[in-house]
Amino acid sequence: MTATPPAIQFDTAAAVQRLVRFLGINAITGHEAPIGKELVAALKEVGVPAKAISFDDAHTRIPEPTPIGNLIVKLPGTGKKSAKPILFMTHMDTVPLCAGAKPKVVGKRVVNELEGTTALGGDNRTGCAVLVTLAAELIKQNLPHPPITMLFTVREESGLFGAKHLNPTDLGGPVVGFNFDGRSAADVIIGAIGADRWTVDIRGKAAHAGVAPEKGISATMVLALAMAEVYEGGWFGKVVKDGREGTSNVGSVGTLDGKSAGDATNVVTDFVHVKGESRSHDAKFVREITAAFKAAFTNAASKVKDHEGRTAKLKFTSRLDYVPFRLKSDAPVIKLAESAVRTLGREPNLRVTNGGLDANWMVKHGIPTVTFGAGQNEIHTVKEFVDLTEFESGCRVALALATAE
Ligand SMILES: [Zn+2]
């Protein structure tokens, strides 16, 4: 192991002030305009020239209404001419539970004055503050660095849409990516799971269950037979096949408007809408799990018949939520991440997560990207707070990454 260089000093008070400022902006997922504006203002205040700042047009491709595109900042390199561009990224939106949060600093934490009512938004205004602090310190301390692209995505929380729909050519060709979205600055996420969401509409036929049940086609029975088949085939819950692992689940079962399927015990149930999901770190296996459900429903539908031999009709739809990835442990981006964490005097903890990240899409776009934490805690709950020691460590990791040769 090589000796670690001394950590770079930076204005922690200004960084915390920036964090509190961003936490106070009411801009949940799908309503990012106010935080986009505030980030631009904060970037200009620390000396980023206006021409380095732009918004892309990802929002024109996102299937949900989104007011602005991703914010992209390009800082020209100031070090070695041969240095390749690197990417720093984070998401600017917060979950809807954060609406109206009032941040306040208490000791080494930022908490919510409205604790118990709303979440705080450290997921992911901590990342926003890390990136703006990085720009501020690089400029103020005149630190040599490679060309840097900063990306603040929209709609991460509602489906990773900003990262999914960006145009990679807008990013200026970064060779590695560093995403800030998590708890501990020493945790380096090098892989994440992939997932499918699927739905099935089972259309049977109603009939009086007491007078002429043979004239009906029970959608409930189709569901039951299909579930029995996936269960017996080993495709339900934790799924292990030939050393490959994944999971599956069936969530809601009912009508399209969320009511329970079937009207009365004396009517053969004519319609059931089912929602489920499949997950795995192996993209092909995600599709295989989903295909097993589709096959089971199709098979079950062919078995449940009325007196004239008619069967239930099925509509099975699935969509890829996000693609899984797993960076190779000797990938240059991981080596860079590890030495940056060591400048904190800590050992990096390489992890794979069972949730989706913007990094899933960046890897798909061809930019190997790892994810660090910067103080988020109890996210998506009304007990959320930010750990300022981890936040400051996140800022230090970013500075170390930007100034490593
Ligand atoms: Zn997040």
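**View 1. Salt bridge between Asp321 and Arg319 in a predicted model.** Asp321 pairs with Arg319 in a salt bridge (a side-chain nitrogen of Lys or Arg within 4 Å of a carboxyl oxygen of Asp or Glu), and the closest N and O atoms are 3.1 Å apart. Asp321 is buried at 9% relative accessible area, whereas Arg319 is partly exposed at 44%. Buried means under 20% relative accessible area, exposed over 50%, and partly exposed in between, with a 1.4 Å probe and protein chains only. The model is predicted: local features need pLDDT of at least 70, side-chain atom pairs count only at pLDDT 80 or more, and totals for chains, interfaces and linings use all residues. Residues are numbered from 1 along each chain as its sequence is written, and side-chain values use heavy atoms, with hydrogens and water left out.

**View 2. Salt bridge between Arg310 and Asp306.** The closest N and O atoms of this pair are 3.1 Å apart. Arg310 is partly exposed, with 42% relative accessibility; Asp306 is buried, with a relative accessible area of 6%.

**View 3. Salt bridge between Arg351 and Asp187.** Here the closest N and O atoms lie 3.3 Å apart. The pair links distant parts of the chain, with Arg351 in strand 15 (residues 349-353) and Asp187 in strand 8, 164 residues apart. Strands (E, at least two residues) and helices (H or I, at least four) are DSSP runs numbered from the N terminus. Arg351 is partly exposed at 33% relative accessible area, and Asp187 is buried at 11%. The count of salt bridges comes to 18.

**View 4. Protein donors of the zinc ion.** Donors are N, O and S atoms within 2.8 Å of the metal (3.2 Å for Na, K and Ca); water is not among the atoms, so sites may look incomplete. Along the chain the donors follow the spacing H-x31-D-x57-D. His91, in strand 3 (residues 86-91), and Asp181, in the loop between strand 7 (176-180) and strand 8 (187-192), are 90 residues apart. Both His91 and Asp181 are buried.

**View 5. Helix 3, residues 122-140.** The helix has 19 residues and reaches 26 Å from its first C-alpha to its last, close to the 27 Å expected at 1.5 Å a residue; the expected span is 1.5 Å times one less than the number of residues. Helix 3 is largely enclosed by the rest of the structure, because 17 of its 19 residues are buried. Just after helix 3, Asn142 takes a positive phi of about 55°.
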